[in-house]
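Me: Hi! Could you walk me through this one? I'd like to start with the overall layout and then zoom in.

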Amino acid sequence: EEEAIVMGAIDADAVERALLAHKDEFRLCYEKELNAEHPNLAGRIGTTFVIGSSGTVMQAGIESSSLKNAGAERCVLTVIKRIQFPIPRGGGVVQVSYPFKFNSGGRS
């Protein structure tokens, strides 16, 4: 199982908890595209983002995507940028890589 990779003075579990608190919003990014015209859409989006010294996201981008759906990718980044993360210890910045996996449940 792939996990968050966190580089910087912040608790990785706390970062993951902040992301999981928004899991319904991330899921919606996927389901919107799934329902639009991509019934077989599935895959993972590898994101990378930087948490600034105040806990807000300074930048976010797509590292890799097997989902290959620009709408879902943009939506995921928008949600990430809205999240308030814990404040890094000592006020440094934190680099995070986080994989999102999406599939439509019933079908594998």
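Me: What order do the strands of the open sheet have?
Reply: This is a predicted model, and in it 4 strands form an open sheet in the order S1-S4-S2-S3, with antiparallel pairing.

Me: Nice. And which are the edge strands?
Reply: Those are S1 (5-7) and S3 (57-65), each of which pairs on one side only. From one strand to the next, the twist averages 20°.

Me: How many bridges join S1 to S4?
Reply: There are 3 bridges between S1 and S4, and the two strands run antiparallel.

Me: Which residue in S4 is the bridge partner of Ile-5?
Reply: That's Ser-97.

Me: Switching to helices: which strands does H1 touch?
Reply: Helix H1 (residues 12-20) packs on the sheet and touches S1, S2 (43-51) and S4. The direction of H1 makes about 45° with that of S4.

Me: And what about H3, which strands does that helix touch?
Reply: H3 (residues 70-82) also packs on the sheet, with contacts to S2, S3 and S4. Its direction makes about 150° with that of S3.

Me: Back to Ser-97, where does that residue lie?
Reply: Ser-97 sits in strand S4, which covers residues 94-102.

Me: Is Ser-97 buried or exposed, and why?
Reply: Ser-97 counts as buried because its relative accessibility is 13%, and the cut-off for buried is under 20%.

Me: Which residues does Ser-97 touch?
Reply: Leaving out residues up to four places away in sequence, Ser-97 touches Glu-3, Ala-4, Ile-5, Thr-47, Thr-48 and Glu-63. Ile-5 in that list is also the residue whose bridge partner in S4 is Ser-97.

Note on methods: Residues are numbered from 1 along each chain as its sequence is written. This is a predicted model: local features need pLDDT of at least 70, side-chain atom pairs count only at pLDDT 80 or more; totals for chains, interfaces and linings use all residues. Side-chain values use heavy atoms; hydrogens and water are left out. Buried means under 20% relative accessible area, exposed over 50%, partly exposed in between (1.4 Å probe, protein chains only). Contact means heavy atoms within 4.5 Å. Two strands pair if DSSP finds at least two bridges between them. Axes are lines fitted to C-alpha atoms, for helices over the stretch in contact, and angles run from 0 to 180 degrees between N-to-C directions.
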